[in-house]
Amino acid sequence: MGEFLNAAVGFPSLSFSAAVVAVAVFWLLVVCGAVERDGFDGDVDSEALRLGRVPVAVAASLFIVGGWILSVTGSVLLGLADVPRPFSALLSLALLVLAPVASWWVTRRLVRPLAKLFPDEPGPLR
């Protein structure tokens with residue numbers, strides 16, 4: 001458990017860890033009704049990022065959580081490997097670049113099926 005916590009609050013995972021906390025607070029506010037889930041849609045064009053027709057909050061949440069999982073997993077595996085210190089620092093820098101890139105790729109694949117759950121036009125009211 002200590003290795004996991006060290007990886008979650010250490011370099012390079014700390015930025016994703018802070019973002020995961022922000023995502024958790026956002027979705028808690030959505031559940032409480034204080035914020036709309038599609039409140040950010042007017043600000044960002046998710047089609048330009050090739051993230052499909054899902055609310056920006058959903059795509060951003062998937063990206064952040066995926067990046068956090070990849071970053072923490074890579075940090076734990078890097079900590080368990082018997083790698084010399086300078087090489088470990090280079091691998092951490094590579095992880096800092098590769099985790100967001102891989103998370104963006106995974107997010108693009110996950111939002112395609114989710115787009116069916118978020119139609120462009122609201123359905124008829126009953």
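Analyst: Start with a crossing: α2 passes α3 in a left-handed way, meaning that the near helix is turned anticlockwise from the far one by less than a right angle; clockwise would be right-handed. Helices here are DSSP runs (H or I, at least four residues; strands are E, at least two), numbered from the N terminus. This is a predicted model: local features need pLDDT of at least 70, side-chain atom pairs count only at pLDDT 80 or more, and totals for chains, interfaces and linings use all residues. Residues are numbered from 1 along each chain as its sequence is written, and side-chain values use heavy atoms, without hydrogens and water.

User: At what angle do the axes of α2 and α3 cross?

Analyst: Two packed helices are described by the angle between their axes and the distance between the axes. Here the axes of α2 and α3 (residues 56-80) cross at roughly 145 degrees and come within 9 Å. Axes are lines fitted to C-alpha atoms, for helices over the stretch in contact; angles run from 0 to 180 degrees between N-to-C directions.

User: Which residues of α2 meet α3?

Analyst: Contact means heavy atoms within 4.5 Å. From α2, the residues include Phe16, Val20 and Trp27; among their partners in α3 are Ala57, Ile64 and Trp68.

User: Is Phe11 buried or exposed?

Analyst: Buried means under 20% relative accessible area, exposed over 50%, partly exposed in between (1.4 Å probe, protein chains only). Phe11 has 53%, so Phe11 is exposed. Phe11 sits in the loop between α1 (2-9) and α2 (14-32). Across the 126 residues of the protein chain, 29% count as buried.
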